[in-house]
Amino acid sequence: MDQLIEINSLEEYEKAIQTKSIILFTASWCPDCMFVKPFIGNVVKKYPNFTFYSINRDHFIDLCQDLDILGIPSFVSYENGQETGRFVSKLRKTQEEIETFIQSIK
């Protein structure tokens, strides 16, 4: 997941959501999160109009609760501080499902 910019503070999160961004909520212990690792770089390259970030859910439990991120991996898109889309569940996500989500963002 080296292609994603890791968010390490609430200030970094607030700054990230001002851009046209997609945030992956993840955790190192989550096998379904690790499932996306081999192909997420291809997704990032395919959609250069977004900046991709990752948040370790375990470090931001309160934020995830506030955002109703109850399952991981989950993707939430933002622009100008507003949520523009979400693909949130505890289920494994394929590259095709992630790309369909990205294409659905207005």
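Leaving aside neighbours within four places in sequence, S54 is in contact with L4, I5, E6, I7, L24 and T26. Good morning. The model I am presenting is a predicted one, and I will begin with this residue.

S54 belongs to strand β3, which covers residues 51-56. Is S54 buried or exposed? Its relative accessibility is 10%, and because buried means under 20%, S54 counts as buried.

T51 is also found in strand β3. With a relative accessibility of 28%, however, T51 counts as partly exposed. Residues up to four places away in sequence not counted, T51 touches I5, K20, S21 and I22.

Let me now turn to the interior. In soluble globular proteins, nonpolar side chains tend to be buried together. In this model, the largest nonpolar core has 19 residues, and the members that touch the most others are Y13, I23, F25 and I55. Which elements each supply at least two residues of this core? They are α1 (10-16), β2 (21-26), β3, α4 (61-66) and β4 (74-79).

Consider I23 in particular. Not counting residues up to four places away in sequence, I23 touches I7, Y13, I17, Y53, I55, S74, F75, V76 and Y78.

Thank you for your attention.

Note on methods
Residues numbered from 1 in each chain as written. Predicted model: local features only at pLDDT ≥ 70, side-chain atom pairs only at ≥ 80, totals over all residues. Heavy atoms only, no water. Helix = DSSP H or I, 4+ residues; strand = E, 2+ residues; numbered from the N terminus. Buried < 20%, exposed > 50% of the residue type's maximum accessible area, 1.4 Å probe, protein only. Contact = heavy atoms within 4.5 Å. Core = buried A, V, L, I, M, F, W, Y, C linked by side-chain atoms within 4.5 Å.
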